[in-house]
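Thanks for making the time, everyone.

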Amino acid sequence: MPVRPPEQLLATFEAQRPRLLRLGYRMLGSISEAEDVVQEAWLRWARVEESVDAPAAYLTRIVTRLCLDQLKSARSRREVYVGPWLPEPLMGSTEDEALADDVTLTLMMAMERLSPLERAAFLLHDVFDMPLNEVAVTLGREPAAVRQLASRARRHVQDARPRFSMPAEEAERIARAFYAASTSGDVTALTGILADEVAIHSDGGGKVIAFRNVVRRIERVIRLFQGVARKPAYQPRLLRPVTIDGLPGFVSIDRGRVLQTTALAVSEGKITAIYIVRNPDKLRHVAALFTAEIQPANAARPS
């Protein structure tokens with residue numbers, strides 16, 4: 001049996017790594033867990049002795065099955081999670097490899113309602129364009145069963161599928177306008193940009209202060225922002241408008257202590273959902289990107 005050269009093994013795997021990371025993240029909602037899964041896939045790939053005719057399909061099968069195993073424990077952890085659970089924020093533009101699949105945070109939230117097999121079937125077939133027979137092999141199911149899984153998943157998430165791509169300039173305008181209105185408690189401005197049924201999802205994971213329940217309807221949301229803006233200790237600082245999982249948003253910091261990302265779902269010019277991540281465990285990748293901008297604020301803090 002021919003031995004595969006180590007450099008060939010590595011080159012083949014590295015060519016697939018971005019796609020595998022994207023799949024792992026879309027399955028798990030966690031960048032760090034996706035990286036762990038892909039690392040485990042590499043270890044398994046490196047131990048395979050026989051020749052593999054279709055490396056992409058083979059590696060996809062490994063990562064998908066590892067993710068399905070991970071989701072079993074993830075679901076039990078989320079049942080006891082403190083407050084709303086949100087995916088780790090993935091930042092970038094819609095042209096980036098990380099977001100080339102057109103999956104937004106809104107769609108990821110909708111996929112949370114799917115079973116692990118439905119989620120896998122939908123992502124592999126509808127997002128990653130894998131033929132149905134290959135999805136069946138990957139999931140170890142008959143093609144007819146996989147077709148039903150994908151169809152059922154599609155019905156559950158159809159309202160959350162992105163319908164248009166927002167120009168970068170418009171996304172930044174909305175993000176800046178919302179930041180200014182929400183941090184000042186400007187009722188007039190908030191009324192003009194929020195939908196009546198707007199909802200705030202705030203993920204602190206029990207590690208930092210965050211809203212313990214989803215806040216719904218414009219009246220409650222405006223009162224909340226008014227109350228927060230009145231607090232003397234509330235001194236947020238905008239670090240940068242960004243795209244978060246395909247949605248307009250921004251990264252900010254609260255008095256140099258708590259980093260947060262805010263993503264905005266927008267429909268017909270109005271903000272319909274606000275997704276705030278403050279859990280430091282989910283912001284390690286973000287913190288690494290903003291080290292230079294965070295340090296001055298931290299250095300200015302009184303000891």
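Is Arg217 buried, partly exposed or exposed? Before I answer, please keep in mind that this is a predicted model, in which local features need pLDDT of at least 70 and side-chain atom pairs count only at pLDDT 80 or more, while totals for chains, interfaces and linings use all residues. Residues are numbered from 1 along each chain as its sequence is written, and side-chain values use heavy atoms, with hydrogens and water left out.

Arg217 counts as partly exposed, because its relative accessibility is 35%, where buried means under 20% relative accessible area, exposed over 50% and partly exposed in between, with a 1.4 Å probe and protein chains only. Its side chain meets that of Glu197 in a salt bridge at 2.3 Å, N to O, a salt bridge being a side-chain nitrogen of Lys or Arg within 4 Å of a carboxyl oxygen of Asp or Glu. Glu197 is exposed, at 53%. Arg217 also forms a salt bridge with Glu219, at 3.6 Å, so that Glu197, Arg217 and Glu219 are linked in a network.

Elsewhere, Glu112 and Arg119 form a salt bridge whose closest N and O atoms are 2.7 Å apart, and both of these residues are buried. The whole structure holds 13 salt bridges.
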